[in-house]
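Please look over the structure shown here.

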Amino acid sequence: MYNQNQIKKRINELHSNDILTLSKQITLTLLNQIEYKCAKSIHLYESMQNEVDTQYILNHAKKSSKDVYHPTNDPYDNERNIDLIIIPGIIFDKHLTRHGRGKGYYDQYLEKINSIKCAIAYDFQVIKDGVLDRQEHDVPMDMIVTEKMIYKKDIDKYTQLHMVRLFND
């Protein structure tokens, strides 16, 4: 069984050198994904505390002339015409369920958009031997990128159509 408090504790205990090293690995993996390469616009959170550092992604996106949006306090004010959303979380499962800080902020936003939803996390945040409870309001991810693994749902018609649209724009 998983314990969200243990995961939070482990995140909080990360040393700054580990955060730097792991964040670079996660970023490099993300940057090599077709979903990122094809995205013309991304929605990117600003990392807090010991979350995966998003500064490297932000720097690359700007150099690549991608439009970059950040979350606002009101999820209904956020830009909705985004190709890729990069999302934080506390704990995930290999079935792409995400649990965040418990306020439902991202879920309110995610249920209103058709963007590719990509979580970035440390590998220890993904439980491999269990399943998180998925509530009705929980929006599953399309992919989770860690320093060790990429978890993706099977390519479905939505993903194929979305990628075709990005290639043709």
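Helices and strands here are DSSP runs, numbered from the N terminus. The model is predicted.

**Confidence.** The protein averages a pLDDT of 86. Of its residues, 84% score at least 70. Helix α2 (residues 16–31) has the highest confidence, at a mean of 97. Helix α6 (residues 157–168) has the lowest, at a mean of 57. Where pLDDT is low, the predicted coordinates should not be read in detail.

**Glutamate 51.** Where is glutamate 51 found? Its place is the loop between β1 (41–44) and α4 (55–63). Glutamate 51 has a relative accessible area of 12%. Buried means under 20%, so glutamate 51 is buried. A polar atom of its side chain lies 2.8 Å from the backbone nitrogen of methionine 48. Leaving aside neighbours within four places in sequence, glutamate 51 is in contact with Ile19, Tyr45, Glu46, Pro88, Arg101 and Tyr122.

**Aromatic rings.** How many aromatic pairs does the structure hold? It holds one. The partners are tyrosine 122 and phenylalanine 124. Their ring centres are 5.7 Å apart and their planes meet at 10°, so the pair is stacked. Tyrosine 122 is also one of the contacts of glutamate 51.

The charged end of lysine 66 sits over the ring of tyrosine 36, 4.6 Å from the ring centre.

| Residue | Relative accessibility | Class |
|---|---|---|
| Glutamate 51 | 12% | buried |
| Tyrosine 122 | 0% | buried |
| Phenylalanine 124 | 15% | buried |

Conventions. Residues are numbered from 1 along each chain as its sequence is written. This is a predicted model: local features need pLDDT of at least 70, side-chain atom pairs count only at pLDDT 80 or more; totals for chains, interfaces and linings use all residues. Side-chain values use heavy atoms; hydrogens and water are left out. Helices (H or I, at least four residues) and strands (E, at least two) are DSSP runs, numbered from the N terminus. Buried means under 20% relative accessible area, exposed over 50%, partly exposed in between (1.4 Å probe, protein chains only). A polar contact is a pair of N or O atoms within 3.5 Å; within protein, one must be able to donate a hydrogen and the other to accept it, and residues adjacent in sequence count only if both atoms are side-chain atoms. Contact means heavy atoms within 4.5 Å. Rings of Phe, Tyr and Trp (its six-membered ring) pair if their centres lie within 6.5 Å; planes under 30 degrees apart count as stacked, over 60 as edge-to-face and the rest as tilted. A charge sits over a ring if NZ of Lys or CZ of Arg is within 6 Å of the ring centre and within 35 degrees of the ring normal. pLDDT is the predictor's confidence in each residue, from 0 to 100.
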